[in-house]
Amino acid sequence: LDRELNEEEMEDCDALLVPDDERERLQKIFEETNKDWIKRQQEKKDAAELEKELDESGLARAPKTRKKRRPGKNASLQDTVKHVLKTKGTSKKINYQVLSELGLSTPAEAGAGDRGEEEAER
C-alpha cells in the first residue's frame with residue numbers, strides 16, 4: 001500500500017495480531033502436539049540435503065544394470081531361433097523336426113529330445 005493507514009485501520013490490524021506471549025504459548029503447544037511430524041519432516045530435509053551433496057560430489061552413483069544379451073538387428077535367423085529356444089525352452093506347439101529340416105535348429109539343441117518326432121506323427 002502506498003498510503004498511510006488511519007487510526008481505525010491500525011486498530012483493526014492490531015486486533016488481528018497475536019501478542020508475543022500468546023504466540024509463544026501456541027508455538028509450544030503446536031510443537032508438542034506435532035513433534036513426530038516435525039521430526040519426520042526434518043529427517044526428510046536432512047536426507048534430501050545429504051543426497052544432493054552426494055550427487056554433487058559424484059559419490060552416489062546408481063548401480064549398473066546388466067542388460068540381457070539378445071540377438072541384434074543384424075543377427076541371422078538361425079541365431080535368433082537358437083536364442084529363443086534357449087531362453088523360452090521347449091514347446092508342444094513347435095515342430096522341432098521341421099525346424100531341424102530347415103537348418104534352423106535341431107531338437108537336441110532345443111532340448112526337445114524326441115518331441116519333434118512326436119509332433120510330426122500327430
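Q: Buried means under 20% relative accessible area, exposed means over 50%, and partly exposed lies in between. By these cut-offs, is Arg23 buried, exposed or partly exposed?
A: The model is predicted. Arg23 has a relative accessible area of 47%. That value falls between 20% and 50%, so Arg23 is partly exposed.

Q: Which residue's side chain meets that of Arg23 in a salt bridge?
A: Side chains of opposite charge can pair when their charged atoms come close. Here the N to O distance is 3.0 Å. The partner of Arg23 is Asp20.

Q: What is the N to O distance in the salt bridge between Arg25 and Glu22?
A: Both residues belong to helix α2 and are three residues apart, so about one helical turn lies between them. Arg25 is partly exposed at 44% relative accessible area. Glu22 is partly exposed too, at 28%. Their side chains meet, N to O, at 2.8 Å.

Q: Is Glu32, the salt-bridge partner of Lys35, buried, exposed or partly exposed?
A: The closest N and O atoms of Lys35 and Glu32 are 3.4 Å apart. Lys35 is partly exposed, with 47% relative accessible area. Glu32 has 51% relative accessibility. Over 50% is the cut-off for exposed, so Glu32 is exposed.

Q: How many salt bridges are counted?
A: The rule asks for a side-chain nitrogen of Lys or Arg within 4 Å of a carboxyl oxygen of Asp or Glu. Arg23 with Asp20 meets it at 3.0 Å, and Arg25 with Glu22 at 2.8 Å. Lys35 with Glu32 meets it at 3.4 Å. The count is three.

Q: Where does Val18, a member of a nonpolar surface patch, lie?
A: Val18, Leu26 and Ile29 make a patch of about 240 Å². Patch residues must have over 30% relative accessible area, and Val18 has 42%. Val18 lies in the loop between α1 (7-16) and α2.

Q: What span does α4 reach from its first C-alpha to its last?
A: α4 has 12 residues. At 1.5 Å a residue, 16 Å is expected, and the span is close to that. It comes to 16 Å.

Q: What share of the chain's residues is buried?
A: The chain has seven helices and zero strands. From the N terminus, the order is α-α-α-α-α-α-α. Buried means under 20% relative accessible area. Of 122 residues, the buried share is 9%.

Key:
Residues numbered from 1 in each chain as written. Predicted model: local features only at pLDDT ≥ 70, side-chain atom pairs only at ≥ 80, totals over all residues. Heavy atoms only, no water. Buried < 20%, exposed > 50% of the residue type's maximum accessible area, 1.4 Å probe, protein only. Helix = DSSP H or I, 4+ residues; strand = E, 2+ residues; numbered from the N terminus. Patch = residues over 30% accessible without salt bridge, like charges linked within 9 Å, V, L, I, M, F, W, Y side chains within 5 Å. Areas by Shrake-Rupley, 256 points an atom, 1.4 Å probe, with all protein chains shown as cover. Expected span 1.5 Å × (residues − 1).
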